[in-house]
Structure formats: structure tokens, C-alpha cells
Amino acid sequence: MLPLSDCLGCELAVQIHHMGFQIPKLISLGPDPKCIRRISLADARMTMFDLSLLKLLSASAEFRDKSLKGCQYSAKLAAIVVHRTSRPDAGPSHAVPTLKAAAKTLSSARRFIVILRWIKYIDELRAAHTEPDRTLRRLTLVDVTLNILVDAMQDVVTLEKLGVLGHGVLPVWFEPLADKLDVCLAANSVVLTGFKLARGVRMLRVLESKETEEGARAKAHRMIAAEQLALLKYACDLLKTLDSAGRTPGEGLAATAAVISSVLSARKIVVKAR
């Protein structure tokens, strides 16, 4: 084992450990850039935070949006749970309006983060034409087009809510139409991901029949696992958008689905950033 005094970070780890704190991870403060070492401290193992990854995530508007989305629907779900579990004779819980207000505030904050998000889909619209499979190409074109349309309409709604366009300027059907198109987007994403998953399974079977090298099969397995998680994510999105459109089997189920979707989306961003 390396001496604990090899770097300042290691010495700091020992001091903090002696104070009685258990720290799963620690930023190494040593001058040596290669000082990313595991530290053995009797009953704890600590590793250095990946600072480059944290910088990428902090600069990612999409990661901030998904993080806020998780917090928003967690607060909403907590409000539902507290309301349903509170005793009628105990009177109304003060936590419920607080949690609902927090969810509403986080929802408003997310609107600022995702504004002009539809611009990023323009390049994807061009790339969709290169898809060799005709069915997947059409589904991808529909997916990208709906993404642009829904995000642009939500931006207009945001500007109206901020008073930039003036209150009451938009027709009453505009925002409900955006919510219904969001449902169509989520449903199309489920179908598209299902087709991609089926293609990945077929590809894996071909690789196994030809007894190709292990690396290619492992890559196919990872792709299938990613598509399975994406399918779960879009299914959760569908439940959440149905709730926004006023058609849902339950508010609690929709909030739970939104939390799961945000966690899966954030995980995908972290995996891509690594």
C-alpha cells in the first residue's frame, strides 16, 4: 500500500477519518496529476472525484434540466404520499402546500433551462435521412419533427407566462395542443425504441451464429441494454405526458414515472460524458 503521506489529499483524508467521518469519495489535493489513488483507511475506501466529468455535467443544460425534473416530481410525489398517508383527524398537513409550491417553482425554473432546446434537433433532422431502414427513418423523422414542434410551442408558452408576449395573447387551445403533441412524441419514441431494440437483438443473434469475437458480442449486449433502458424511460415519459394532457390512471403513478425517467435520462448523460 502507498504511504498515506504521499500527497496532501491523503493526509487530509487521514485527518478527516480520525475525526470520525466516513467519506466514500474525496478530491485529492496532491500536486501530482497522477495522484488518483485508492486510500485504504481501516474500514473505508475513498477515490478521487472525476473533476473533468463534474465540469462537463455542470456545463450541461440538459443534465441540469433532468436533475431539476427529478427534484420537481420527487416533491410532487412526496406531497401526494404525505396527503394520502395523513390522518383525517390530524388536520391538513403543512408539508403538502410547501411541497407543491416547491414542485411548481422547480417547474418554472426548468422552463428557463430548456428554452431554445429545439435548435439542437435541426442537425438530428438531417442525420435522420441517412437511416438505411425505411421504417426507422420515418419514425426518426417523426420523432425529431415532434421534438422541434413541441419544444418550440413550449417556448412560446413560456414567453406568454413571462409576459413577454402579453398575458392572454395565446389562444386557449395552444398549450393543451402542445401537451397532446407531447403525448404523441412519447408514444412515437416508445415505438421507435422498440424497433431499435428488435434490430439490436437480431444483430446479436447474427453475431452469435457466426461465432464472432467476444468484443463485438459484448458491444451488441451493451447496445441492447441501453435500448432497454431507453424503452423504459420513454414508457415513463408517456405516462407523465398523459398526466399533463389530463389522461392518466393516477397522479401518483405519473409522478413516479417522471422521477424514474429523470434518473434514467441523467444516467444516460453521465455515461455519455465519461
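Student: Before we talk about particular residues, what counts as a helix here?

Tutor: A helix is a DSSP run of H or I spanning at least four residues, and helices are numbered from the N terminus. Please also keep in mind that this is a predicted model.

Student: OK, where is Pro97, then?

Tutor: Pro97 is found in helix α4, and with a relative accessibility of 48% it counts as partly exposed.

Student: Which residue has a positive phi although it is not a glycine?

Tutor: That is Leu116, whose phi is about 70 degrees. For background, most residues other than glycine have a negative phi. Leu116 sits in the loop between α4 and α5, the latter covering 121-128.

Student: Switching to charges, how many salt bridges does the structure hold?

Tutor: There are 11 salt bridges in the structure. One of them joins the side chains of Lys69 and Asp237, with 3.4 Å from N to O. This pair links distant parts of the chain, since Lys69 belongs to helix α3 (residues 61-85) while Asp237 belongs to helix α8 (residues 214-244), 168 residues apart.

Student: And are Lys69 and Asp237 buried or exposed?

Tutor: Both Lys69 and Asp237 are buried.

Student: What about Arg111, which residue does its side chain meet in a salt bridge?

Tutor: The side chain of Arg111 meets that of Glu175, at 3.8 Å from N to O. Glu175 counts as partly exposed because its relative accessibility is 29%.

Student: Which residues do salt bridges with shared partners join into one network?

Tutor: The network consists of Asp65, Lys66, Arg110, Arg117 and Asp151. Within it, the side chains of Lys66 and Asp65 meet in a salt bridge of 3.8 Å from N to O, and both Lys66 and Asp65 are buried.

Student: How many disulfides does it hold?

Tutor: The structure holds 0 disulfides. As for individual cysteines, Cys71 is partly exposed, with a relative accessible area of 44%, and Cys184 is also partly exposed, with a relative accessible area of 43%.

Student: New topic: which residues make up the largest nonpolar core?

Tutor: The largest nonpolar core has 9 residues in all, namely Leu146, Val150, Met153, Val157, Leu170, Phe174, Ala178, Leu181 and Leu185. The elements that contribute two or more residues to this core are α6 (134-162) and α7. In general, nonpolar side chains tend to be buried together in soluble globular proteins.

Student: What does Ala178 touch, leaving out residues up to four places away in sequence?

Tutor: With that exclusion, Ala178 touches Val150, Met153 and Gln154. There is also a second, separate core of 6 residues, including Leu53, Ala266, Ile269 and Val270.

Student: Leu57, then: which residues does it touch, again not counting those up to four places away in sequence?

Tutor: Leu57 touches Phe63, Ile269, Val270 and Ala273. The C-alpha atoms of Leu57 and Val270 are separated by 7.3 Å, even though these residues are 213 residues apart along the chain. Leu57 lies in helix α2 (residues 51-58), and because its relative accessible area is 10%, Leu57 is buried.

Student: Back to Phe174, which residue does it form an aromatic pair with?

Tutor: The count of aromatic pairs comes to 1. That pair is Trp173 with Phe174, a tilted arrangement with 6.2 Å centre to centre and 45 degrees between the planes.

Student: Why does Trp173 count as exposed?

Tutor: Trp173 counts as exposed because its relative accessibility is 52%, and the cut-off for exposed is over 50%. Phe174, by contrast, has 15% relative accessibility and therefore counts as buried.

Student: Last one: which backbone oxygen does the side chain of Thr241 reach?

Tutor: The side chain of Thr241 reaches the backbone oxygen of Leu238 at 2.9 Å. Thr241 lies in helix α8 and is buried, with a relative accessible area of 3%. Not counting residues up to four places away in sequence, Thr241 touches Asp182, Val183 and Ala186.

How values were computed:
Residues numbered from 1 in each chain as written. Predicted model: local features only at pLDDT ≥ 70, side-chain atom pairs only at ≥ 80, totals over all residues. Heavy atoms only, no water. Phe/Tyr/Trp six-rings, centres within 6.5 Å; stacked < 30°, edge-to-face > 60°. Buried < 20%, exposed > 50% of the residue type's maximum accessible area, 1.4 Å probe, protein only. Salt bridge = Lys/Arg side-chain N within 4 Å of Asp/Glu carboxyl O. Disulfide = S-S within 2.5 Å. Core = buried A, V, L, I, M, F, W, Y, C linked by side-chain atoms within 4.5 Å. Contact = heavy atoms within 4.5 Å. Polar contact = N/O pair within 3.5 Å; in protein donor to acceptor, adjacent residues only side chain to side chain.
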